[in-house]
Amino acid sequence: MPAETLIIAASPASPLVWALLALLIAGELGLLAWALLDLARRPKEAVTGGTKILWLALCLLAQIVGPVLYLTLGRVRPAAMSAERGAPGGDQAAGEAGAVGAAAGAEGFAGEGRAAEGFAGNGRAAAAVAAMYPEPGGAASAPAVELVAVAKRFGNAAALDGLTLTVPEGSVFGFLGPNGAGKTTTLRILAGLAHADAGAVRVLGRHVGAPGADVRARIGYLPDVPAFYKWMTAAEYLRFAGSLFGLRGPALEARVEALLELAGLAGVETRVGGYSRGMRQRLGVAQALVNAPRLLLLDEPTSALDPLGRREVLDMVAALRGRTTVFFSTHILADVERVCDTAAIIDKGRVVTQASVAELRRRRGGLHRLLVEVDDPWRLEAELQSLPWLRGFDLAPDGGLRLSVDDLEAAQRAIPALVSSLGLALRRLQSDEPSLEDVFVGLLEAEQA
Amino acid sequence: MRGFAAFFRKELRETAHTWRLFVLPGFLLFSALSAPLITYFTPLLVDRLGSAQEGFSIQVPEPTALAAYVEYLGNLGELTMFALVIAYGSIVSGELRSGTGALTLAKPLSRGAFVLCKWLSQALVTAVAAVAASALCVAVTAALLGPGPAWRLVGAVAVWAAYAALMLAVMVLLSVLLPAPAAAAGAGMGVYAGLVVLAQFAATSRATPAGLMGAAVALLRGEPAQWAQPVSTALLATALCLAAAVWRFSRREI
């Protein structure tokens, strides 16, 4: 009987059997490869029911059954992981979206004409976005972003050359630099779209690019020139983006409505292919917020916006302070001065300096400047010489006196009294602090020298 | 895989909203309609041509439903494959070039899901279009030439589907490897030509995907067909192409 069985099994006249066998083997190997690849890439905290070693043994020993068990039962879904950690992404974000939607619904929707106006005005945009997040508070934990000696080359050109910086969680961080400094490359690495050649990149406490690590569920990203599927409407795109984060049903709809309202695109039925650059930029900001990210990466977010739209984006960014971390690159120094707590200035792929915005301003000489305008500056000049806090002065082209002082408060108190005692008329007394632009240009000039 | 269902739905909707809908399904339907018409009218045209010139005579066999099916299958194996290769030269690289891929892949959609959705959605579209086109071919053929061996056509088209699945996977891989759509399409034509050459040798025709179209025609004619090994190896090659595409795409920069 065994001999007959062998003859039948080995018969070449059974191509169907061979085909089925080949399919079975291919399927089994595919399943095993899928399970092993997933297991290798997955961090240990994202594996349930035991350790990775146990799952590996099960997959290898129990053919078909092991991989099926691992793929169905052994993996923790990213949304579930986010919820466990209290992150505002994933299912938790879905839960919060209801409140956002309710708020947006109470405000009502604007018509097509709103598209031209830009972001929803009167602070509603900022309020809608802020409502997506829990109230600020609590001690900040690990830095939101840590880059240590990161290097990246494109051919012979070094885009990043030992870039090191730390972004505190909950801060609004400005990332300044001239064209070609490496800002966009840094953002692409943080978003997981590019890989560093050397150095360590940690986002929200996890390595980016390490096998299995995936922080994308907890970040929002707006590239410098956002591109969308032209055949979709804004609402369709936001639904699509939300569904990639696991949002669905009424929670997704509520969030889409809130973000459309935020972007000033509620009621706009035109397909994205017909949008202006400003409309696309606003939709870009909205899609970056769809998962209520813990880290918002914005690459030149205000570059294509009109003044009103720019103000609304900055208001929105400011409203997120303490609720989430905002990391945005820009050429517009005034934007950084307006909303950022901390800023880094980079040039040629290296950080020239990183400090709070106030500290950056102070670094420009350490002295404060005051502009004083009186009806007779010569008399005031003669009296100023003996004052202890004065470090120097000169006559401004408009006839005022530009004073350099080391005690700003003392000077602001003493000058009006002095002017009054001399019987002079005080026309102007104003702080003439160096702008971030002065700091930026000064530091870059020093670096290049 | 993360985001698979959402991205798969988007791919299907994109097919319905863009030119993709008209290319491959269009070719399939055109083939389905033209094959029985050409088969039906060719003897008439040849007869007219022959009668117009004295002393000139061409013997054309009587048109049959089977001949129409063979013509249709020939179109599937050639014209439709050309359309597939050209249409899908940018199936992955197109999204990266336009920038939509960067925005999508910065979200928790895995690179593997991105690539596999591309293949699976277009394979589904091709399969549905092939079913519709074959039904149309059977109906038009029946109307013009009478009923034919429809079940044998179903088998032959099923074998062709394995060929289409393989070429689609080849194009996905080439589109991952080559950023320029024209370069990917050119390489795809090279793969197609290679399979045609390999089909001329008995050994490779019997044991590799090169024998798929020969086996499909044999099935249609009711002849003994060695389809199992070509189909098995085609499915294996499809899986390998997709695995290679996922592996390479997971490592590339966007």
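The model is predicted, and local features need pLDDT of at least 70, side-chain atom pairs count only at pLDDT 80 or more, while totals for chains, interfaces and linings use all residues. Residues are numbered from 1 along each chain as its sequence is written, and chains are lettered from A and ligands numbered from 1 in the order in which they are written.

**Entry 1, helices of chain B**

On the H8(B) side I noted residues including B:Arg152, B:Trp160 and B:Tyr163, and on the H11(B) side B:Met213 and B:Leu220 are among them. By class the contact has 13 nonpolar, 1 polar and 1 charged residues. For these classes, Ala, Val, Leu, Ile, Met, Phe, Trp, Tyr, Cys and Pro count as nonpolar, Asp, Glu, Lys and Arg as charged, and the others, Gly among them, as polar.

I then checked H7(B), residues 111-145. Its 35 residues reach 50 Å from first C-alpha to last, close to the 51 Å expected; the expected span is 1.5 Å times one less than the number of residues. Just after H7(B), B:Gly146 takes a positive phi of about 90°.

**Entry 2, the A-B interface**

I find 30 residues of chain A in contact with 28 residues of chain B, contact meaning that C-beta atoms, placed from the backbone, lie within 7 Å. On the chain A side, the elements that give two or more residues are H2(A) (15-41) and H9(A) (234-244). H2(A) gives the most, with 8 residues. That side divides into 24 nonpolar, 4 polar and 2 charged residues.

Chain A has 17 helices and 14 strands. I took S1(A) (residues 145-154) and S2(A) (residues 157-167), which pair in the antiparallel sense over 8 bridges; pairing requires that DSSP finds at least two bridges between two strands. They form a hairpin with 2 residues between them, and A:Gly155 in the turn has a positive phi of about 65°. A:Val150 stands opposite A:Leu163 in S2(A). S1(A) is also joined by 5 bridges to S4(A) (residues 198-203), running antiparallel, with A:Glu146 opposite A:Arg202.

Next I looked at S3(A), residues 172-176, where 5 of 5 residues are buried. A residue is buried if 20 or more other C-beta atoms lie within 10 Å of its own, exposed if 12 or fewer, and partly exposed in between, with C-beta atoms placed from the backbone. A:Val172, A:Gly174 and A:Leu176 lie on one side and A:Phe173 and A:Phe175 on the other, so both faces are covered. S3(A) runs parallel to S8(A) (residues 325-330) over 5 bridges, and A:Leu176 stands opposite A:Thr330. S3(A) also pairs in the parallel sense with S9(A) (residues 342-347) over 4 bridges, where A:Phe175 stands opposite A:Ala344.

Buried residues make up 41% of the 449 residues in chain A. Of the contacts in chain A with a separation of 6 or more, 73% are between residues 24 or more positions apart.
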